Amino acid sequence: MLKSLFVLLALLYPAAAHADWPQRPVTLVVPYAAGGITDVLARVTAERLTRAFGKPFIVENVVGAAGAIATTKVAKAAPDGHTLLFVTVTQLTVAPYMGKVGYDPIRDFAPVAIVATSPFVLSVSADFPAEDLKTFIAHVKARPNELTYGTAGSGSLSHLSAAVFLKRTGLDMVMVPYRGVAPAFSDLLGGSVQMVPATPVELKPFIDGSKVKLLASSGATRSETLPDVPTIAESMPGHDIQTWNGIVVPAQTPTEIVDALVREITRAESDPLFIAQLKKLGVDPSKVAGRDFATVIARDTEVWRKLIPELGLQEQP
C-alpha cells in the first residue's frame, strides 16, 4: 500500500524525481525573435512547465546566425537543468551541414521532447492552372526554368523543403528569396511567383479567404491541422520533410531532470487543453520524447547531411 502511494506521488509531482531541482527560475532559450511561432510555442510550453514544477520558466530570445548563437550559448551552459533550448530542426540537423557552427548537435545536447511538428504545404494562387499535385508537376515540367517559387530566404526550411521536392520530381523552377514568407505570398497573389511552400501557421490568413490552393503537404502523414490536404508521400512514398520544435538540454544534465521534463511534456501532449492550444496555433501535437526524439534527430541529421551537398547549399571553404 505504502509503495503504491509513493508511485502515485511520483507520477503526480514529477519535480520530486530530483528534489533539489529547480532551485531557481529556469531559462528557456529561444533562437528567434519574439512573436514568431517558435517563440509563441515556447511561451505556451514555459507556462505549462511553470505550473508543473513550481518555479518560473522564463523565455529568453537570443537571435542571430539562424539560431546558432542561441544554440551555442545553451551548449556551453552549466548542465544543471536551469538552461534549456527550445530548438527547431534547423539548428540541430540543418545548420551544421550548411556552415560552421560552435556546437556539435549530437555530442553537446541531451534531447527531451518534440512539442509540435509542422509540414510545408505546396501552395499556389487560386487561379493557378493546376488542381492537384499531378497536374502541377505536369504543368511545371512542360515549362523548365520558366516558373518561380518564393521562400523565406536561401537556406531556409521553406527553401530546403521545396528544393528536395523539385529534385525528387525532376522539376526546374527558379527560387526567389524573400525576408520571410509573408512578402512571398504577396507576390504569389500578385502573380510574380507561382508557388510558395509554407507551414499551416503561415497559410492561415490566405486559407480563410480562399486566396490559395493547397496542393500537398510534405510530412509522412496528413497534418491534423489540414487533414483534407494530401501528402506528397501519397504520390511519392517515403517523402517526409517537416519542421519540429522541441526542447533539448546541455549534455551531462542529470538523467533525473531530463526524465522529469520528458514526463511532463509527455503528459501535456495528452492533455486536451494543451492539444487545443497547439492546434489553435496551427501546429500538430507530438508524442515523441526521450530516446525517440534522439532517433528523430539522428535520422534527420543523416537526411540533411546527404541532401545539402546534393542541393549545392553547402558553404564553400
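Helices, in the assignment used here, are DSSP runs of H or I with at least four residues, and strands are E runs of at least two, both numbered from the N terminus. With that convention, His159 is found in helix α6.

Good morning. The structure under discussion is a predicted model, in which local features need pLDDT of at least 70, side-chain atom pairs count only at pLDDT 80 or more, and totals for chains, interfaces and linings use all residues. Residues are numbered from 1 along each chain as its sequence is written, and side-chain values use heavy atoms, with hydrogens and water left out.

I begin with confidence. pLDDT is the predictor's confidence in each residue, on a scale from 0 to 100. The protein chain has a mean pLDDT of 90, and 93% of its residues reach 70 or more. Over residues 1–17, however, pLDDT stays under 50, and for this segment the model has eleven contacts beyond four places in sequence. A contact means heavy atoms within 4.5 Å.

Let me return to His159. Is this residue buried or exposed? Buried means under 20% relative accessible area, exposed over 50%, and partly exposed in between, with a 1.4 Å probe and protein chains only. His159 counts as buried because its relative accessibility is 6%. Beyond its neighbours within four places in sequence, His159 is in contact with Tyr149, Thr151, Gly153, Ser154, Met175 and Leu313.

A nonpolar core is a set of buried Ala, Val, Leu, Ile, Met, Phe, Trp, Tyr and Cys residues joined through side-chain atoms within 4.5 Å. In the largest core, which has 51 residues, Phe136, Phe165, Trp244 and Trp304 touch the most other members. The largest share of this core, seven residues, is supplied by α6. Apart from it lies another core, of 32 residues, including Phe53, Val112, Val258 and Phe274. In soluble globular proteins, nonpolar side chains tend to be buried together. As for Phe165, residues up to four places away in sequence being set aside, it touches Leu122, Leu133, Phe136, Ile137, Leu171, Ile232, Met236 and His239.

On a 1 Å grid over the protein atoms alone, a cavity is a set of points where a 1.4 Å probe fits but cannot get out, whereas a pocket is an open set with protein on both sides within 12 Å along at least five of seven lines; lining residues have an atom within 4 Å of a point. Grid points are joined across faces, edges and corners, and a volume is the space filled by probe spheres set on the points.

How many cavities of 30 Å³ or more does the structure hold? There are two. The largest cavity contains about 60 Å³ of space. Its lining consists of Val89, Asp240, Ile241, Gln242, Arg299, Asp300, Val303 and Trp304, and helix α11 (residues 291–310) gives the most, with four residues. For the classes, Ala, Val, Leu, Ile, Met, Phe, Trp, Tyr, Cys and Pro count as nonpolar, Asp, Glu, Lys and Arg as charged, and the others, Gly among them, as polar. On that basis the lining of the largest cavity has four nonpolar, one polar and three charged residues.

The second largest cavity has a volume of about 40 Å³. Among the residues that line it are Phe120, Phe165, His239 and Ile241. Here α6 (residues 157–169) provides the largest share, three residues. The lining of this second cavity has seven nonpolar, three polar and no charged residues.

Next, the pockets. About 1000 Å³ of space lies in the largest pocket. Of its 36 lining residues, Tyr32, Thr90, Ala152, Ser156 and Leu157 lie nearest the centre. Helix α2 gives the most to this lining, with three residues, and by class the lining has 17 nonpolar, 15 polar and four charged residues.

The second largest pocket holds about 310 Å³ and is lined by 18 residues, with Thr117, Thr221, Gln242, Pro285 and Ser286 nearest its centre. Strand β4 gives the most, with three residues. This lining divides into seven nonpolar, six polar and five charged residues.

Gly282 counts as buried because its relative accessibility is 1%. Its C-alpha atom is separated by 8.4 Å from that of Thr199, 83 residues apart along the chain.
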